[in-house]
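Please look over the structure shown here before reading on.

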Amino acid sequence: RCSWSRIWPRWRRVPRVFFWIFLVLLVPVVCFVVYNRIDEAPSELALKFENMPDRKVADADNAWLAMVGLGAPDGVSTAEWGRRKVDAFNATPIRSVADSGAPSSESSPPGVSHVPMRPDPKPPTEDRHCPRRDVDCLQWALDRAPRLRGYQQANAVLLTRLDALMQLPEWQARYQQRVDTPMLDWGILAAQLDLLALDLAEAQASASDVDVDVDASLQKLAGSVEFWQRVRAQPQDLFTVLFSGALIERAYWIANAWLDRAGQEQITRHGLLLDRVLKPASGPVQWQRAVADQYLLFRNGMADLDPGLGTVLWRCVTDSASEGCLESLTTSASFAPQATFNLQAINCEQILRVLEASPRDHEEVAADAGRIMQGLFPQFDDVGALLSQLSYNFTGRVLASIGTPSFDWSKREHDREALRRMIVLKRMALESGVPAESLASVISLQDSTLGNPLTGNPLDWDATSRVLYFEPSAKQDWKRERVEIAYRR
């Protein structure tokens, strides 16, 4: 017979056992959550990128602000209209990556009279502008002359304003760096060069006053290059650096296409203007502002991404969580915002090192920076290191690793310089009447200022195809193994 007096003491131990099991499981979780609530102080690098000083630029001198306000209504200056748009955007709450779409293009407030773009009839996207590469932009423009002239007439006010703003001395972006920051409409700047290519092509083909018309067209081309070189001489945001570089490259290709049509005497007569078009930059791109903006873009993109552990727990209890409760709780519990920003600041510092490296030191610096950045990423192939990383801010570590851009920005700069040197060498040879058969010897006599900046060696010459060429370092951008320009004389 079983006696309750003998069984009951054993049953009394069961709750105690469960209590200790629960406690053993709960204590590590509590310690983990508490440990991850202790955020880091801003690091020196984080403060450096957060507080990057801006130059003082007056609105009236700021061509970027005039570009934002390009569609200003009659009676309102482009600078004033641009300031209104910037202030209106910067006053809106910052949105996180989770609740924002792609950056919007420049637009004016609805219901407000402004000067719109009128590409009517709207050309197909793939043929809207002359491709930068592989196409003779002068011939491309001639083939589309009626469409381009119609565009020019319809957008005469905007194009006149564009010419005016390119006389201003400064360029400084004033939008906050956010995931929803509007992008400037660079299309009209590309269209401006397409129209310039058309002017140059028609002037070259004209039977009268060829030199007068060509001179005017080359003056505009030189003015465009000088404006963007002046912009790039100061620290700028990333989009300004990338798009201005692309516009300068377009100008180089236009100059190259004109050289294919011009005679030796004509090239000599317009030598001073060609010097202006093909003049080297006054110095390397200053990348500090662009990298700092990428840091701020990451930091602001994380705004409100984590609503807090308490809020997530409440959403789970009330069944209003947008994601799985366990996933949301784990993500929130293992996220320390400032520690995440400090990791991203280390990544940005290494990116800056790579961008500032010379062409010939680039690969070595990139390899060293890559090792440092790789050490910050989750170490899935090292169990011990991974367990250590899991203990603190693992979500932030993952976000910082996927928030690091795959960049070849400085490589594009080095390649563009190589292209410029090829066109300069071609211009010199054409002006001197050098036949293609003798070009190899001319190339070998040039000093380092006309050599390949990527290797330090002379530029390459393919005698069979009669092309000057180099192998680009930013192959993904160029989508080819060789960049070539023809020499047919």
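Two residues are in contact when heavy atoms of theirs lie within 4.5 Å. The model is a predicted one.

Q: What percentage of the contacts in the protein chain between residues at least 6 apart in sequence join residues at least 24 apart?
A: The protein chain holds 22 helices and three strands. Among contacts between residues at least 6 apart in sequence, the part that joins residues at least 24 apart is 76%.

Q: Which helix has the lowest mean pLDDT among the elements of the protein chain?
A: The protein chain as a whole has a mean pLDDT of 84, and 79% of its residues reach 70 or more. Where pLDDT is low, the predicted coordinates should not be read in detail. Among the elements, helix H12 (residues 271-277) has the highest mean, 96, while the lowest, 60, belongs to helix H1 (residues 4-37).

Q: On the same side of H7 or on opposite sides: where do the buried residues of this helix lie?
A: In helix H7, which runs over residues 156-165, the buried residues are Leu158, Leu159, Arg161, Leu162 and Leu165. Because they cover an arc of only 160 degrees around the axis, they lie on the same side of H7. An α-helix has 3.6 residues a turn, so residues three or four places apart point the same way.

Q: How far apart are the end C-alpha atoms of helix H10?
A: Helix H10 (residues 238-261) is mostly covered, with 19 of its 24 residues buried, and Asp237 caps its N-terminal end through a side-chain oxygen that lies 3.4 Å from the backbone nitrogen of Phe239. At 1.5 Å a residue, the 24 residues of H10 should span 34 Å, and this agrees with the distance between the end C-alpha atoms, which is 36 Å.

Q: Is Ser217 buried or exposed?
A: Ser217 has its place in helix H9 (residues 210-232). Leaving aside neighbours within four places in sequence, Ser217 is in contact with Leu196, Asp199 and Leu200. Its relative accessibility is 5%, and since buried means under 20%, Ser217 counts as buried.

Q: Is Asn393 buried or exposed?
A: Asn393 is found in the loop between helix H18 (383-390) and helix H19 (394-402), and its phi is near 55 degrees, a positive value in a residue other than glycine. Because its relative accessibility is 2%, Asn393 counts as buried.

Key
Residues are numbered from 1 along each chain as its sequence is written. This is a predicted model: local features need pLDDT of at least 70, side-chain atom pairs count only at pLDDT 80 or more; totals for chains, interfaces and linings use all residues. Side-chain values use heavy atoms; hydrogens and water are left out. Buried means under 20% relative accessible area, exposed over 50%, partly exposed in between (1.4 Å probe, protein chains only). Helices (H or I, at least four residues) and strands (E, at least two) are DSSP runs, numbered from the N terminus. The arc is that of the directions from the helix axis to the C-beta atoms. The expected span of a helix is 1.5 Å times one less than its number of residues. A polar contact is a pair of N or O atoms within 3.5 Å; within protein, one must be able to donate a hydrogen and the other to accept it, and residues adjacent in sequence count only if both atoms are side-chain atoms. pLDDT is the predictor's confidence in each residue, from 0 to 100.
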